[in-house]
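Please read the following note beside the sequence and the three-dimensional view.

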Amino acid sequence: MEPILKLNNIGFKYEEKQILKDISLEVKAGEILGILGPNGSGKSTLLRVMDGILPPEKGEIFIKGKSYKSFSRNRLAREVAMVAQEQHFRFSFSCIEVVLMGRFPHLKRLQFENSNDLKIAADALKATHAFDFAERSIHDLSGGEKQRVLVARALAQEPRVILLDEPTSFLDLKFKREIFRLIASLSKEKGLGVAIVSHDIDLVSQYCSNIILLKNGTVYKTGDPDSVITAENIEDVYECPVLVDRNPLSNRPRVSVR
Amino acid sequence: MTDELKIKSILTPQKVIFVTLMMCITLVVVMVLSLVLGTADVSLKDVIGVITGSVPQDDPIRLIIFKIRLPRIILAGLVGFALSLGGVTFQAILRNPLADPFILGVSSGSAFGAVIAITVGFSFSIGVPLLSFGGALFTIFLVMFLGARKMGMESSTILLTGVIVNAFFTAIIMFFISTSADDRLHTMLFWLYGDLSQSQYTQLAIIGPFVLIAGLILYSFSRDLNIITTGDEMASQLGVNVSFTKNVGLITISLLMGLVVAFSGLIGFVGLIVPHLARMAFRADHRMLIPVASIGGAIFLIAADTLARTLVSPSELPVGVITAFLGAPFFLILLRKRGSHWSRS
């Protein structure tokens, strides 16, 4: 199948420091790509480059075969959406208002959201099981509820690809599971391409069909969970002794620290 | 009716127009009340008579209404509108509900200019406004220059630069105040606390269009401002041109503040309280917030100035004394009662 998002030999420098080097990857429809790697390996930078926020110094990115260079920021925001690790709202917006912000790239300067935008936002909230608190202030939600609203906002952008930057790092076990399950079902049902950066190797192993393991800004290993999550790879990249066995529920590799 | 149509908190153009109209009606009522109130006796009948033309040309009532009260009321309205618009915009751009329109040090820069003009003995019709506006422009460029970074303006750098520049100019102002002759001192202090008594129609003709244009420019960025309050990176992810929006906002408001301060002196609290009240009443969407806060600012300052000139009549108070004297306790009571609404609903 043709990939939705394709990175060709991407390099990125920040103030003379090489952060990413020669990264190529693909995100396919209905598939979740897990991006793993220790702190400082360039995961979040990679996600920002994939989002078009940081322009790559080398290489090119294609969405449905078209180069990012031919897209305006506004146009790109209709193709790719991002869910951040944590977002602080200084002022009190209701959840539906937050989700409607996802319609920004679809509207003209002085345009108000019409009933179609409203329907898209409401459907997005329903898809993330967050419609019940549509009118509540974003400040009154728990961490898990808030992340669901932010995923709904990403859906309201009607993108082909959703990027998630450690969306579960401040969530407890229940919400972690909920977010991963939600993303898995959304990618299947809507045929979205998803890339997720995470520190949670086990959840990535369980939910992602494809994994890319980063070390020092380069691709250390890429492939399905079985070929990437091996004791040898993890020990080498994370510099920490581990035991890898199988999760009896998912039959995917599971990592324990020694 | 489907679920989504039942959502009440959705903002529609109809809602914005309705609320704006209501605010305008209130504004007119307050203006008429303000025309009636004052040292000289003017009745509502006189006001209507003057408007409809049934009062003879040479009647002193005509003079009081057209030459004294009306220009002052319009100036108060325009200044209040501008201060509040500035507050709303800066609070969004700096993502800080406590920002006021003077936060970039515009106030102290223009005060510096004004104090020099008063010391030298320049007139209030040209000299003081001109030097004050010059001082404001100088500070704006200083802060922008010092605060500019490769990635665009950074809020904390700009805020800090503003505070430091402010402190520096305040020191110079204090120097002038301490060494000035007694007769100039009263004028200076009055100016420093806001003075609308020098209003002339020529000034209004300068400020009026500028205030209106600034309002329209910023209103056209209201959705961009909404999203900028949720963070720069997320805003640019969603297609907002963050640095362009911020630059437009900062420059428009700073110029506006320079102009307004030049003709009215330093009137504190309006740009802080009124946007805050508007946010309590109508939430955080700038498409509603900008008109409500701006017109609200006009209403608030006209009311405050009416008190300033009637409370100790026939003498007068600087209007800044009223805004702070009424504003501060009112603000504290609301804060105590409702909590800080910007973080809780």
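1. A:Leu5 has A:Val27, in strand E2 of chain A, as its bridge partner. Strands E1 (residues 5-14) and E2 (residues 17-27) of chain A pair in the antiparallel sense over 7 bridges; pairing requires that DSSP find at least two bridges between two strands. Their hairpin has 2 residues between the strands, and A:Glu15 takes a positive phi near 45 degrees there.

2. The model is predicted: local features need pLDDT of at least 70 and side-chain atom pairs count only at pLDDT 80 or more, while totals for chains, interfaces and linings use all residues. Residues are numbered from 1 along each chain as its sequence is written, and chains are lettered from A and ligands numbered from 1 in the order in which they are written.

3. Helices (H or I, at least four residues) and strands (E, at least two) are DSSP runs, numbered from the N terminus. Helix H1 of chain B (residues 13-36) has 24 residues and reaches 35 Å from its first C-alpha to its last, close to the expected 34 Å, which is 1.5 Å times one less than the number of residues. B:Gly38, with a positive phi near 160 degrees, follows H1(B).

4. Between the chains, 30 residues of chain A are in contact with 33 residues of chain B (C-beta atoms, placed from the backbone, within 7 Å). Helices H9 (222-228) and H10 (232-237) of chain B each supply at least two residues of the side that touches chain A. H10(B) gives the most, with 4 residues.

Key
Two residues are in contact if their C-beta atoms, placed from the backbone, lie within 7 Å.
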